[in-house]
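Here's a quick tour of what holds this model together, from the inside of one chain to the contact between the two. Have the structure open as you read.

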Amino acid sequence: MRKMFFLGACCVPFTTGLALAATGLTVDQRGLSFSVPALTIQHGGIVTFTNSDITSHNIVVTGEGVRLNSGLQTPGVPFHAPFSKAGTYQVSCAIHPRMKMTVTVK
Amino acid sequence: MRTLHDQGKSSTATRRGNVTGSRLCRLLIPFLAALLAALSLDVASSSMASDPAASFLDYYRRPPVDTVMPGSVEARRIALGQMLFFERRLSHSQQMSCASCHNPALAWQDGRRTGLGDRGNRLSRRTPTLLNIGWSEPLFWDGRADTLELQAPGPLLNPDEMGLRADRLVPTVSRNAAYRRAFGEAFPGKPIALETVAAALAAYQRTIVSAPSPFDRWVEGDPGAISAAARRGFVLFNTTAKCAACHMGWRFTDDGFHDIGLPGADRGRAAIVPGIAPLEKAFKTPTLRSIAYRAPYMHDGSIATLEQVLDHYDHGFIARPSLSDQIGPLHLSARDKHDLIAFMKSLSSPSRSGAPAVLSPSKGQ
């Protein structure tokens, strides 16, 4: 099951895995850590968060007046986060709050 | 130089750096995928190749700890923090110190089901241990303090805990010449204030490091350091019993928040971070270091023995939507439970002696 959530006013009605592969970036969660501490993308981009741990995560994205909650993200299930509005976003795991990273949207 | 750990003896000063904590933990804390993947590795070259536990050992190796140079500002802050930690005048009644609940002789807890406040009032949660607390941010059972510096004022000023009035803190400390001198040496150019009190307490607490246990000696290559039952328990811990899903790494905690299916109305982390379903009734994963000395167990102290803890995880939990998806029926045998407990007991240092008495400067000095 893939979960889609939308940020800001510009929403993408549906995004296929193929399109994500062409336009998005992937951040892995492994060892209770994001694979990168920071990421810069263009507005309208999508970040796919994968979960290579065997424990579940719960991604929360906050910034620019929006809050995005992935819900429980079980191992192996990707979470696709569209970033439609320029600004700086904090990404963390609600279950493991030491997991933190920043996404900057240009 | 001083060592402060669960025995409270002194020989080599150690502390845990705040800034580097999360980075080191990322390096040192295993995640179960890697653990399970490691099972398939060829360990033929290892001297313990026939032992399935060998695959997991590196994930539990203790990290080196920082040292603090004698006479440095940091050492002075630690010394000041130690005085403040044992200072009973930092409570409303002047009878209660941090150590009243975080007793070094009781693995930096109090042995009670839940804590007691300055008025003798019963608190709602069990006193957490301070062992390895410098690595353990965020703090409190519900994680409401991101750092030790932010945590320290909480119990001091909480009317239900030490109950010190905020406007009494600075006068209480400042009237004492020895404290004035100690603050001047520890925080040159800075006033005596809540922030510097908290910084000193934080510096001291980062020196509270669990002493090496039989398990650590086994990890470092002493095959006889723990029993065969404990070795079997270690494998179960990492596989069938799924304990390591949360109790991972050398501190045996993921510093995460999970609903483990205990009864009670306490919302735990959900009261701090609302709107996240898995955080309902979720509490921070406690370390298992010195666990044999830290009964009763759980955030509410509701389980008296390790045997009962295993029964809870085996079949005693309450199934509900927020229950951690790591928890489910385990069908552990009596021997499994025996072995798991043997392993957990190997995480405790044989010494329980407390820290030496610290006589804080008395009034008028």
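## Leu201(B) and its neighbours

Start with Leu201(B). Leaving aside residues up to four places away in sequence, Leu201(B) touches Gly81(B), Leu84(B), Phe85(B), Cys98(B), Ala152(B) and Leu156(B). Keep in mind that this is a predicted model.

Now zoom out. Leu201(B) sits in the largest nonpolar core, a set of 43 residues. Within that core, the residues that touch the most other members are Leu80(B), Leu84(B), Phe85(B), Leu90(B), Phe183(B) and Leu201(B). Which elements give two or more residues to this core? In chain B they are helix 3 (73–85), helix 4 (98–101), helix 7 (166–174), helix 8 (177–186) and helix 9 (194–205). Helix 9 of chain B is the top contributor, giving 8 residues. There's another core apart from this one, with 38 residues, including Phe237(B), Leu262(B), Leu340(B) and Met344(B).

## Chain B as a whole

Chain B has 365 residues, and 57% of them are buried.

## Where the two chains meet

On the chain A side, 20 residues are in contact with 30 residues of chain B. The two chains bury about 1,800 Å² between them, with 59% of that on carbon and sulfur atoms.

As for polar links, 10 residue pairs are in polar contact across the interface of chain A and chain B. The side of chain A that touches chain B divides into 7 nonpolar, 9 polar and 4 charged residues. The interface also has 1 salt bridge. That's the pairing of Arg98(A) with Asp255(B), whose closest N and O atoms are 3.1 Å apart.

Arg251(B) forms a salt bridge with Asp255(B), with the closest N and O atoms 2.6 Å apart. Lys284(B) forms one as well, and there the closest N and O atoms are 3.7 Å apart. That pair links distant parts of the chain: Lys284(B) is in strand 4 (residues 283–284) of chain B, while Asp255(B) is in the loop between helix 11 (228–238) and strand 3 (257–258), 29 residues apart. Put together, Arg98(A), Arg251(B), Asp255(B) and Lys284(B) are linked in a network of salt bridges.

Are the chain B members buried or exposed? Asp255(B) is buried, at 1% relative accessible area. Arg251(B) is buried at 2%, and Lys284(B) also counts as buried, at 10% relative accessibility. The cut-off for buried is under 20%, so the 10% of Lys284(B) falls within it.

## A salt bridge elsewhere

Over all chains, the whole structure has 23 salt bridges. One more to look up in chain B is Arg112(B) with Asp110(B), where the closest N and O atoms are 3.8 Å apart. As a general point, side chains of opposite charge can pair when their charged atoms come close.

Notes: Residues are numbered from 1 along each chain as its sequence is written. Chains are lettered from A and ligands numbered from 1 in the order in which they are written. This is a predicted model: local features need pLDDT of at least 70, side-chain atom pairs count only at pLDDT 80 or more; totals for chains, interfaces and linings use all residues. Side-chain values use heavy atoms; hydrogens and water are left out. A nonpolar core is a set of buried Ala, Val, Leu, Ile, Met, Phe, Trp, Tyr and Cys residues joined through side-chain atoms within 4.5 Å. Buried means under 20% relative accessible area, exposed over 50%, partly exposed in between (1.4 Å probe, protein chains only). Helices (H or I, at least four residues) and strands (E, at least two) are DSSP runs, numbered from the N terminus. Contact means heavy atoms within 4.5 Å. Buried area is the accessible area (1.4 Å probe) that two parts lose on being put together, summed over both. A salt bridge is a side-chain nitrogen of Lys or Arg within 4 Å of a carboxyl oxygen of Asp or Glu. A polar contact is a pair of N or O atoms within 3.5 Å; within protein, one must be able to donate a hydrogen and the other to accept it, and residues adjacent in sequence count only if both atoms are side-chain atoms. Ala, Val, Leu, Ile, Met, Phe, Trp, Tyr, Cys and Pro count as nonpolar, Asp, Glu, Lys and Arg as charged, and the others, Gly among them, as polar.
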